[in-house]
Amino acid sequence: MTVRPIVITGDPVLHSPTRPVDRVDDAVRALVDDMFATMAAARGVGLAANQIGVDLRMFVYDCPDDEGNFHRGLFINPEIQTSEKPDGMPDPDDDYEGCLSVPGEAFPTGRADWAKVTGTDLDGNAVVLEGTGFLARMLQHEVDHLDGFVYLDRLVGRHKRMSKRAVRARGWAERGIGSWDPAELESEEV
């Protein structure tokens, strides 16, 4: 397993829909192992393949639900269903969201309270996960990545304006600005 660099917003791979996984081979299995290692090193709860520069429709997760139960797994070629998404400004206290591809930033992001994702695992078996609250937020966030969106694209109002200023201030306004290495976090004490 290899901890891979995570690409930063602005990289074209994050802003284009991913390709379906046509077959699972040793390379895809190794990619999944690398994705789990990278997500763990980055202290994330989900990671889409395009966040490490691979434009395949798959993501891994290790995420708690609102009751504190952890859900760990992967989806290949996921599809999503959600409850109605809220209109207007998200709650500035309860709706904060961050992203490994937008390191160090977080903004209130409106998301549906319920989500259900269906797809397959490495052996072609059907996989289904549904949840509310934080788990639903993670599912929507990761599928958005696979559809070519980062959460900044979902922001509205003053949060959208603040995010644009933050992206410019960090030098991410230009496409393909770079990546960061979560392996560097592994050596830091928490």
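**View A. P182 in its loop.** P182 sits in the loop that links strand 9 (179-180) to helix 4 (183-186); helices (H or I, at least four residues) and strands (E, at least two) are DSSP runs, numbered from the N terminus. This is a predicted model, where local features need pLDDT of at least 70, side-chain atom pairs count only at pLDDT 80 or more, and totals for chains, interfaces and linings use all residues. Residues are numbered from 1 along each chain as its sequence is written, and side-chain values use heavy atoms, with hydrogens and water left out. P182 counts as buried because its relative accessible area is 0% (buried is under 20%, exposed over 50%, partly exposed in between, with a 1.4 Å probe and protein chains only).

View B. Setting aside neighbours within four places in sequence, P182 touches V3, R4, P5, I6, T38, A41 and A42 (contact is heavy atoms within 4.5 Å). F75 lies 107 residues from P182 along the chain, with 22 Å between their C-alpha atoms.

**View C. I80 on strand 4.** Look for I80 in strand 4 (residues 70-82). With a relative accessible area of 31%, I80 is partly exposed. Beyond neighbours within four places in sequence, its contacts are A115, K116, V117, L139, Q140 and V143. I80 and A183 are 103 residues apart in sequence, and their C-alpha atoms are 31 Å apart in space.

**View D. R165 on helix 3.** R165 belongs to helix 3 (residues 157-169). R165 has 48% relative accessibility, so this arginine counts as partly exposed.
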